[in-house]
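Please open the model in your viewer and keep the selection tool at hand. The stops below say what to select and what is there.

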Amino acid sequence: MIDTLLHVVLVLAMPPLLLGVIGKTKAAFAGRVGAPFLQPYYDLSRLMRKGVVISDTTTWIFRAGPAVTLAATLFAALLVPLGKHAAPVSFEGDMILFAYLFALGRFFTTVAALDTGSSFEGMGAAREVTFSCLAEPALFFALITLTRLSGTMSLTPMLNHVTSPVWLAAGASLILLLAGLFVVLLAENCRIPFDDPNTHLELTMIHEVMVLDHSGPYFGCILYGAALKLYLLGALFVNIAVPFASGNTLVDWALFALSMLVLAVAIGVVESVMARLRLIRVPQLLVAAMILTAFSLVLVVR
Amino acid sequence: MFFDMLRDPAVLVLCAITLAGCSGFPGLLLRHGPLGQRVASAAALLSSLIALPSLIYLLFWRQTSSFTLDWNLPFGPCEIALDPLSAFFLIPIFLVFPAGSLYALGYWPAVSRSTSERSVTFFYGLLACAMALVVVARNGALFMIAWEVMALSGYFLLVAEHAEEEVRGAGTVYLVASHLGAAALMVLFSTLLLSTGAFQFPAACSLQLSAGLSALVFCAALAGFGSKAGLMPLHIWLPSAHANAPSHVSAILSGVMLKVGIYGILRVISFFPHPPLWWGALLTAAGLTSALMGICIASAQKDIKRLLAYSSIENLGIICTGIGVYLLAAASGNRLLAYLGLAAALFHVLNHAIFKPLLFFSAGSVIHAAGTRELDRMGGLAKRMPKTAFLSLCGAVAICGLPPFNGFASEMLLYLGFFGEAQAGAPYLALGAPVLALVGGVAVISFVKLYGIAFLGAPRTEGSAQSHEAPFSMLAPMGLLALLAMLGGLFPQLFLALVNPALAALAGPGADAVALPIAPVWFAVAGGCLLLLSVALFLFLKGRSKAVSAATGPTWGCGYLRPAASIQYTGSSFGALFGSLAAPVIRTRIWAGKVTGVAPAATKLSYTPEETVLQRILLPAISIIGVGFAFVRRLQHGEVHVYILYIFATLLLLMLWVH
């Protein structure tokens, strides 16, 4: 009970903090003070109170886009275990639903972008669907490897199965898998080196350019949804990367929250030391991620 | 006596089939006015009202009834039977046929289409009747007759607008491909005749043939039925045929006639007690290839109906993969996997027969409204036809296999099968999961493109700016299909209740008594939560934007002050990025004029996706064959008296052969 409650509270409250930590890390690398850790929360609350400008070209689909995307991400949040605890909703095959919920969100984000009739947003939508479709097989290869290791088709037992003995037995495979998942994590959340969440140079962007026309509460919804997506894929990563469990619930929750913050710092470091890739290199990196996860499968089969 | 017979649901189904076949007949006699078409639609609705409950009854009680027509034709008594497999495949026919008939009232009205309406209405009924006969026939000769009637009615329907050269070309390719397929079926039935001694179909699991002969039977069936089902590389006729037919015809060709090919493959497999492993491997490989290639090529199309046609190849590929997985599992004795594969295939047969007609209907409404088939000339239709836009959105989400619609449920079964194999000693089959994921990803590209470019944004041409909402007779069938798509996604157990009897008929009794790894209630929970959350968030955001100041204005042009509809992203540019990545599969011809000088003159850029197999391989090969057989043409010269001589000589030879 307490676990479910903590799960819901963390999922609702913690995602924007990750963005704050990433921002702070990047500021530290650049020698700046940077915005406070809680800046994303301030942004969200301000956006909820801000006025809305809606394009004349759009229909109800433009307004439904953020709602459906956030709804899909919120339901996906119930499927991922956080730390070594059980997720509130868990059944055989939930990982397929997990992947397809993101696809549903993507469908509605891109359709809403096309609804504005802006060529920039159309461009962003085309890039989003193309790159995500290349990231999908990598995720599925990783899921097959995990299914083979754990013998189950549900995220909770699958991820809770990854403990220290499993790491000792299949460490090489898990390292490849984590490398592939990290690339997917960066690509799906439009972080550097795939996309730069900070620029507003439309020609080079993917995610930010799709939401140029959303404003006020709608944009707040999108911002929160993006943070939540980062949080969920991050939780997937952390559950495999941190195989320890103390047995004490509260200690485990604290360990999980701490690992998520460390992951955010890691993403910040990657964003600080790397430049954004040229757009034509992005598919190559995604295919590399697919090959990494495919080899992780080969290593557990052999 | 007569009324007693009518209590038998199987007899009712046969009556419905006859009624469907005759539905267009009164229209042929009535010269003018819309009465004939209305009578045909009423007959179509009546036939499905009779047939569907009877079919569900037959499936539910797993009854098999057979009838023998003892006629004095040379191929012996002719048997018709309704087993659960036949009953299952009759459901899409009696679902799409009345829907298409109703849709035609608004789409192909007798008033404005007076030249072709009567023949289209007549052949529409005949096509439904012939497809139903193919499914119930148990005699090779009757099967071939019904098959030919089906193929020819399809031809006459698709050349309804034969004044256009493109339509005639598509018709010719269809006719040739269809008859090459029929030739393969001739080989199949001749082999069966030689080995069993009768045209009668052998009973299930009763055919004992040598390995070589069964391989011949299987390959002939795969070639003949596979070309009807549009499996790659036998798909060459499909895109142009489905694109050029009237939309309600495309809906039944794509939603139902392709499945008749799947039925044929399943029926032939059911003859054999132990299908060998390589059949399954071949079908799985062919299915996954078709699915991936089909959807990749679909993403590059700029003709809305051609895109839908290629996505049919993808969906039929998924169905075929399911059958292949079933055969592989049956040969290796894995009961759960066999169930998941076959149930996914059959479930997807129903699903595709729901969302593909829905999308073809919406394409028809769009073409009707915008006056073009080219995506790049549409845009902004959602403003002028909001109901069609909403129903099409349901279809587009369903066909991408996204929750909470039915496509997700059937793909989920296939995924569960693939993932279950991850723990096998050699998990080759698990590799199907990433392929299917990639197919799903490309499907999202294709349908975001179709939906976003056709319905959203600003109108790109005058035609799409003046579009209008479709009439009720066109919206009603679409609404029904969208509702079914949602129903199948939330309560897949309802559809599985229809699938299970057919599955037991194929895989042996008890094969459906397998516990699904996933409780069906989760589909309802996930879909229901998703719908409720979405609506709640939508209303919350609406309320919020009412509370704060809301304004409207032009789309943000990034500082550019004179945006026009023509600078929007087009369908071609949307698909170009993926097209460049998948260039070996998607061949396109891009012709661009040169831009020279300081103030360049107007220039053009054109983009055409290519039919690689047809244009690069088959047409050159056919023209070479044509040169080689030029001498045969001398037989056909138009001189009647020599033709009479041919007939006389043939008659003489036949008489000599008989004695």
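Begin by selecting Ile625(B), Phe629(B), Phe631(B), Val632(B), Leu635(B), Tyr646(B) and Ile647(B), which form a nonpolar surface patch with about 690 Å² of accessible area together. Areas come from the Shrake-Rupley method with a 1.4 Å probe, and for residues only the protein chains shown count as cover.

This is a predicted model, in which local features need pLDDT of at least 70 and side-chain atom pairs count only at pLDDT 80 or more, while totals for chains, interfaces and linings use all residues. Residues are numbered from 1 along each chain as its sequence is written, chains are lettered from A and ligands numbered from 1 in the order in which they are written, and side-chain values use heavy atoms, leaving out hydrogens and water.

Ile647(B) sits in helix H25 (residues 640-658) of chain B.

Next, select Thr121(B) in helix H6 (residues 117-136) of chain B, a residue that is buried at 13% relative accessibility. Beyond its neighbours within four places in sequence, Thr121(B) contacts (heavy atoms within 4.5 Å) Gly24(B), Gln37(B) and Ala40(B).

Finally, go to Leu82(A), in the loop between helix H4 (60-77) and helix H5 (94-115) of chain A, which is buried at 0% relative accessibility.

Methods
Patch = residues over 30% accessible without salt bridge, like charges linked within 9 Å, V, L, I, M, F, W, Y side chains within 5 Å. Salt bridge = Lys/Arg side-chain N within 4 Å of Asp/Glu carboxyl O. Helix = DSSP H or I, 4+ residues; strand = E, 2+ residues; numbered from the N terminus. Buried < 20%, exposed > 50% of the residue type's maximum accessible area, 1.4 Å probe, protein only.
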